[in-house]
Amino acid sequence: MPYVVTEACIKCKYTDCVEVCPVDCFYEGENTLVIHPDECIDCGVCEPECPAEAILPDTDPRAEQWLAMNREYSGQWPVINRRKDPLPDADDWKGVPDKFAKHFSPKAGK
């Protein structure tokens, strides 16, 4: 049961989850993070650390649509294994619906 990052992370990119991950399975896009589902050890420590509540176990019905996106982009983006500041206006974007269709960037993070 891997965990997945949902669209709630888009335009926020809080990295509190990265700091607690024991296996470095997070990957960084320009404006979001993803989890590599084959590297996640299902420990769950990341889920409660996310201020945007963007991380779900894949057993949650809301996670199903995000598993393929996490798999695809974790194969393209660089690993992130240390905490960084969130995007400057992250708090303004927290809780905004439908961010994937309107704001997702497929570009890799830096």
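**Close-up views of a predicted model**

**View 1. D42 in the loop between two strands.** In this predicted model, D42 belongs to the loop that runs between β3 (33-35) and β4 (55-57). Although D42 is not a glycine, its phi is positive, at about 65°. D42 counts as partly exposed because its relative accessible area is 30%, which lies between the limits of 20% for buried and 50% for exposed.

**View 2. K11 in the loop between β1 and α1.** K11, which is found in the loop between β1 and α1, is not a glycine either, and yet K11 has a positive phi of about 70°. With a relative accessibility of 23%, K11 is counted as partly exposed.

**View 3. C12 and its surroundings.** C12 is located in the loop that links β1 (3-5) with α1 (16-20), and C12 counts as buried because its relative accessibility is 0%. When the neighbours within four places in sequence are left aside, the residues in contact with C12 are N31, P86, L87, A90, W93, K94 and K99. C12 and D89 are 77 residues apart along the chain, while their C-alpha atoms are separated by 7.2 Å.

**View 4. The largest pocket and its lining.** The volume of the largest pocket is about 230 Å³. Its lining is made up of T6, E7, A8, A52, E53, L56, R62, Q65, W66, V96, P97 and D98.

Key
Residues numbered from 1 in each chain as written. Predicted model: local features only at pLDDT ≥ 70, side-chain atom pairs only at ≥ 80, totals over all residues. Heavy atoms only, no water. Helix = DSSP H or I, 4+ residues; strand = E, 2+ residues; numbered from the N terminus. Buried < 20%, exposed > 50% of the residue type's maximum accessible area, 1.4 Å probe, protein only. Contact = heavy atoms within 4.5 Å. 1 Å grid on protein atoms, 1.4 Å probe; cavity = no way out; pocket = protein on both sides within 12 Å on 5 of 7 lines; lining within 4 Å. Points joined across faces, edges and corners; volume = space filled by probe spheres on them.
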